[in-house]
Amino acid sequence: MADAAETVKKTAEQTTAKVQAQAENIQAAGAKAFREGVDKSVASLTQLNAHGKKNLEAVVESAAAAQKGAEALSQETLAFSKKSWEDGVAAAQSLSQARSVQELVELQTSWAKSAAEAYLAQFGKTTEILTASVKDSFKPINERVTATVESFQASR
């Protein structure tokens with residue numbers, strides 16, 4: 001009976017040791033999985049913060065490009081207005097010096113033609129400036145959208 005008790009004691013100790021080893025392995029695996037999960041979450045948050053920062057930088061860059069375009073458009077419009085005013089004053093002086101109705105009509109027709117041509121040329125310049133400004137303004141945002149789409153596609 002002493003042998004049986006000894007055998008039961010040994011079996012119990014072996015079983016206890018095995019259970020303890022398994023429990024330690026399970027605890028280690030759980031801790032490792034938890035640590036990996038936390039590390040992945042922190043990495044994802046870091047990546048999300050970096051992505052948000054880049055998005056904000058793109059918006060700021062876009063706004064700066066839009067402001068630059070608006071300034072260029074404003075300067076061009078101001079220069080055209082000034083030149084139009086000067087041309088109008090010169091035309092008025094020229095018209096006031098006409099000696100006949102026919103000369104007055106010729107001068108007025110010539111001025112109207114040159115004014116229309118100048119307006120159309122200015123309209124083309126304005127359109128080019130506006131188009132370039134919009135393109136430059138959307139470029140940083142388009143780049144971020146492309147990067148985001150590529151990032152989502154890569155994570156699939």
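The following legends describe a predicted model, first as a whole and then in close-up views. Residues are numbered from 1 along each chain as its sequence is written, and side-chain values use heavy atoms, with hydrogens and water left out. Because the model is predicted, local features need pLDDT of at least 70 and side-chain atom pairs count only at pLDDT 80 or more, while totals for chains, interfaces and linings use all residues.

**Figure 1. Overall view of the two helices.** The secondary structure of the protein consists of two helices and zero strands; helices (H or I, at least four residues) and strands (E, at least two) are DSSP runs, numbered from the N terminus. Helix H1 covers residues 2-96 and helix H2 covers residues 101-155. The C-alpha trace spans about 145 × 20 × 10 Å along its principal axes. The radius of gyration is 40 Å, whereas a compact globule of 156 residues would have a value near 15 Å; this radius is taken over C-alpha atoms, and the globule rule is 2.2 Å times the number of residues to the power 0.38. Of the 156 residues, 7% are buried, where buried means under 20% relative accessible area, exposed over 50%, and partly exposed in between (1.4 Å probe, protein chains only). The accessible surface comes to about 12,700 Å², and carbon and sulfur atoms hold 61% of this area. Accessible areas come from the Shrake-Rupley method with a 1.4 Å probe, and for residues only the protein chains shown count as cover. Among contacts with a separation of 6 or more, 80% join residues 24 or more positions apart; a contact means heavy atoms within 4.5 Å.

Figure 2. Side chains of opposite charge can pair when their charged atoms come close. A salt bridge is defined as a side-chain nitrogen of Lys or Arg within 4 Å of a carboxyl oxygen of Asp or Glu, and by this rule the model has two salt bridges. One of them joins the side chains of Glu 76 and Lys 125, with an N to O distance of 3.8 Å. This pair links distant parts of the chain, since Glu 76 belongs to helix H1 and Lys 125 to helix H2, 49 residues apart. Glu 76 is partly exposed at 21% relative accessibility. Lys 125 is also partly exposed, at 43%.

**Figure 3. Salt bridge between Lys 83 and Asp 87.** In this pair, the closest N and O atoms are 3.0 Å apart. Both residues lie in helix H1, four residues apart, which is about one turn of the helix. Asp 87 has a relative accessible area of 31% and is therefore partly exposed. Lys 83 is likewise partly exposed, with a value of 48%.

**Figure 4. Ser 62 and Ser 137 between the helices.** Ser 62 is located in helix H1, and Ser 137 in helix H2. Ser 62 is buried at 10% relative accessibility, and Ser 137 is buried at 9%. The side chain of Ser 62 reaches the backbone oxygen of Ser 137 at 2.4 Å. Leaving aside residues up to four places away in sequence, Ser 62 touches Ser 137, Phe 138, Pro 140 and Ile 141. With the same exclusion, Ser 137 touches Ser 62, Ala 65 and Ala 66.

**Figure 5. Nonpolar surface patch.** Val 59, Leu 130, Val 134, Phe 138, Ile 141, Val 145 and Val 149 make a nonpolar patch of about 570 Å². Patches are made of residues with over 30% relative accessible area and no salt bridge, like charges being joined within 9 Å and nonpolar side chains (Val, Leu, Ile, Met, Phe, Trp, Tyr) within 5 Å. Helix H2 gives the most to this patch, with six residues. Ile 141, one of the patch residues, has its place in helix H2. Ile 141 is partly exposed, at 31% relative accessibility.

**Figure 6. Two pairs of residues set apart in sequence.** Asn 55 lies in helix H1 and is partly exposed at 28% relative accessibility. The C-alpha atoms of Asn 55 and Glu 143 are separated by 9.6 Å, although the two residues are 88 residues apart along the chain. Tyr 119 lies in helix H2 and is partly exposed, with a relative accessible area of 47%. Between the C-alpha atoms of Tyr 119 and Phe 80, 39 residues apart along the chain, the separation is 8.6 Å.

How values were computed
A polar contact is a pair of N or O atoms within 3.5 Å; within protein, one must be able to donate a hydrogen and the other to accept it, and residues adjacent in sequence count only if both atoms are side-chain atoms.
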